[in-house]
Amino acid sequence: MIAFKLRPYLSLLLCLVLLTVITAGHQPAFAAPEPAPIDSEEARQLLQDSLSIVEIDHEIERIELRQAELENTQRKLTAKNFRT
């Protein structure tokens, strides 16, 4: 008896599921965009500048380390001069 009451709903649900599968099956849902080729002079220059920025960041890190070493050496020499 309950099966006869659910039958129209099951048919409707099946139709909706099939309709969804058929219409959505041909379209990629989360396709990644194709990367743009770097052909233009502007894109090449931007890439070159970004590499320069990375190099500058590395140089800043190297200088900061060297500065810390020099400050440490200066403190040691200052402490040594006060003891003598």
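This report covers the salt bridges of a predicted model.

## Overview

How many salt bridges does a search of the whole structure find? The search finds three.

## E41 and R44

E41 pairs with R44 in a salt bridge. Their closest N and O atoms are 2.4 Å apart. Both residues belong to helix 2, which covers residues 41-83. They sit three residues apart, about one turn of the helix.

R44 has a relative accessible area of 41%. R44 is therefore partly exposed, as its value falls between 20% and 50%.

## E59 and R62

Further along helix 2 come E59 and R62. Their side chains form a salt bridge, with an N to O distance of 2.5 Å. Three residues separate the pair in position, about one turn of the helix.

## R66 and E69

Why are the two separated by about one helical turn? Because they are three residues apart in helix 2.

E69 is partly exposed, at 45% relative accessibility. R66 has a relative accessible area of 44%, so R66 is partly exposed as well.

Definitions and conventions
Residues numbered from 1 in each chain as written. Predicted model: local features only at pLDDT ≥ 70, side-chain atom pairs only at ≥ 80, totals over all residues. Heavy atoms only, no water. Salt bridge = Lys/Arg side-chain N within 4 Å of Asp/Glu carboxyl O. Helix = DSSP H or I, 4+ residues; strand = E, 2+ residues; numbered from the N terminus. Buried < 20%, exposed > 50% of the residue type's maximum accessible area, 1.4 Å probe, protein only.
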